[in-house]
Amino acid sequence: MTSWLTPLIILIVLLLLGAWSIWLERRVLALWQDRLGPNRVGPFGLLQVVADMIKIFTKEDWVPPFADKVLFIISPMIVMIMTLLGFAIIPFAPNIQIAQFDHALLFLLAISSLSVYSIMLAGFSSNSKYALLGAMRTAAQMISYEVFMGLALMGVVILADDFSLSAIVAAQADVWFICYQPLGFVLFFIAGIAEIHRAPFDLPEAETEIVAGFHTEYSSMKFGMFFIGEYLGVILISSLITTLYFGGWQGPFLPPLLWFILKTGFFILFFILLRAAIPRPRYDQLMVFAWYILLPLSLLNLLVTGAVKLSLLG
Amino acid sequence: MLDNMLNTIFIITAAIILISALLTITAHNVVHALLYLVITMLAVSLIFFILGASFAAALQIIIYAGAIMVLFIFVTMMLHQGEKSLAQERHLFHFSTSITALFLSSMLFFELIFMLFLTPTDSANSRVTAPSSAIITVKDIGTQLYGPYSLLVVISALMLLSALITAIHISKSPVTSEIKTKADNL
């Protein structure tokens, strides 16, 4: 495969997967809630995505007259670009990786902290009360949970002695890091859900409280970009969990890429199951949970990991 | 070839920094001004990256663009009132208020020009392109921070701790706790 072809194929596959996982979520969620879900278009309703796309592209692309026009148009692009940039460092298989990068994990944290802007600017530029409320919730939530995301990741960095993801995968040849870092995994998982504001942490767009939060004023493909961006975020966090804690593409018998897809698919399904199973907490409960419980736990995790590593070495 | 490319990227990035910094000051809308500042931060981090300090570049994005500027925008979003606040600011601002600032910054500007003419151009050029062997690793930074610079680390830690304690103290001021006890009694 030539060097420029790999990123292109990965990009196309990711966009298709992002759209297709909307169908997956609706179908599986229906299964868990004793409904049928979309099953009319094509076999098993697989072509529902195509129908949705036709619908969303032919809708009126409305920019509210009271909105800040430039920011209003830019902000859905930011979330798509930032999430897709995150995939650049993920090793899908031994030879399938877009960018080898020494400080890959830091790059990832930078990308995830920049994607806050998309939602904040969407809320601000919409110039409406519900959108602004959603944006403020997002800013507070994402800044709080970013702290534990970084701290939980440092446990993995201590174990692997490296920031690059390929080195972290290589370090898990014998034992997956989930065995050494169970607490770190749980913390990263919770922070990951909050970062991509999925249910149960979807307070920025809590439809029962603030209409649709930051994307209240959005329509047509601009709304579609927020929507697909969210599912791309789910895929990104799932593949990160696979890479960091479950050995990446490593596994017996099957080819590496298939292992990676299987593990990532499992976590995508787990994200959907969480949405089906857990109710949304109140907003202040979310923040108290973050600062009073998760922050001390992640500091403890970092301390114990460092201490054990030092005592084993020396 | 590579040096040439790095030089070109450096010049483009520097131009972006200058333009966005200028726009930060001149933008009418406060949120737009802050966004131009974010672009400045990102461009500065790219310059760190070109100079081989990729760790500093990542931290520049994570801390400045990702956390501090988000908080800035968060606060301005809450206080922002569009045209109303702009009119209010116009009312507050007179030319006479800016005389001291203009005097001081013009002094700095002349110093800068003076220094630019004083230093020979060769040494300035050689600093721009960092050789690829001089990439600074996290380990280097760690040994530097906890070796010769450990006193600075301790001092900044103390400063941050005191800021943290102050923030907690303010948020637990007697007024709010009084309201809380009243609410509990109800």
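**Figure 1. The order of helices along chain B.** Read along its sequence, chain B of this predicted model follows the pattern α-α-α-α-α-α-α-α-α. Chain B has nine helices and zero strands; helices (H or I, at least four residues) and strands (E, at least two) are DSSP runs, numbered from the N terminus. Residues are numbered from 1 along each chain as its sequence is written, and chains are lettered from A and ligands numbered from 1 in the order in which they are written. Because the model is predicted, local features need pLDDT of at least 70 and side-chain atom pairs count only at pLDDT 80 or more, while totals for chains, interfaces and linings use all residues. Of the 186 residues in chain B, 12% are buried; a residue is buried if 20 or more other C-beta atoms lie within 10 Å of its own, exposed if 12 or fewer, and partly exposed in between, with C-beta atoms placed from the backbone. Among contacts in chain B between residues at least 6 apart in sequence, 59% join residues at least 24 apart; two residues are in contact if their C-beta atoms, placed from the backbone, lie within 7 Å.

**Figure 2. Two leucines of chain B, B:Leu22 and B:Leu46.** B:Leu22 belongs to helix 1 (residues 2–26) of chain B and counts as exposed, with 12 C-beta neighbours inside 10 Å. B:Leu22 and B:Leu37 are 15 residues apart in sequence, and their C-alpha atoms are 9.3 Å apart in space. B:Leu46 is part of helix 2 (residues 30–50) of chain B. With 20 C-beta neighbours inside 10 Å, B:Leu46 counts as buried. A distance of 6.5 Å separates the C-alpha atoms of B:Leu46 and B:Ala57, which are eleven residues apart along the chain.

**Figure 3. The contact between chain A and chain B.** This contact takes 17 residues from chain A and 14 residues from chain B. On the side of chain B that touches chain A, helix 3 (residues 54–79) of chain B gives the most, with twelve residues. By class, this side of chain B has twelve nonpolar, two polar and no charged residues; Ala, Val, Leu, Ile, Met, Phe, Trp, Tyr, Cys and Pro count as nonpolar, Asp, Glu, Lys and Arg as charged, and the others, Gly among them, as polar.

**Figure 4. Helix 3 and helix 5 of chain A.** The axes of helix 3 (residues 69–86) and helix 5 (residues 116–126) of chain A come within 8 Å and cross at roughly 165°; axes are lines fitted to C-alpha atoms, for helices over the stretch in contact, and angles run from 0 to 180 degrees between N-to-C directions. Helix 3 of chain A is therefore roughly antiparallel to helix 5 of chain A; angles under 35 degrees count as roughly parallel, over 145 as roughly antiparallel, 65 to 115 as roughly perpendicular and the rest as oblique. Residues making the contact include A:Leu71, A:Phe72 and A:Met82 of helix 3 of chain A, together with A:Tyr117, A:Leu121 and A:Phe124 of helix 5 of chain A. By class, the contact of these two helices has eleven nonpolar, four polar and no charged residues.

**Figure 5. Helix 1 and helix 10 of chain A.** Helix 1 of chain A packs against helix 10 (residues 220–245) of chain A at an angle of about 105°, with their axes 8 Å apart. The two helices of chain A are therefore roughly perpendicular. Among the residues making the contact are A:Leu14, A:Leu17 and A:Ile22 of helix 1 of chain A, and A:Ile228, A:Tyr231 and A:Ile235 of helix 10 of chain A. The contact of helix 1 with helix 10 of chain A divides into nine nonpolar, two polar and no charged residues.

**Figure 6. Two aspartates of chain A with positive phi, A:Asp34 and A:Asp161.** Most residues other than glycine have a negative phi. A:Asp34 has a positive phi of about 60° and lies in the loop between helix 1 (5–32) and helix 2 (48–58) of chain A. A:Asp34 counts as exposed, with 6 C-beta neighbours inside 10 Å. For A:Asp161, phi is near 65°, and this residue is found in the loop between helix 6 (129–160) and helix 7 (165–171) of chain A. A:Asp161 is exposed, with 11 other C-beta atoms within 10 Å.
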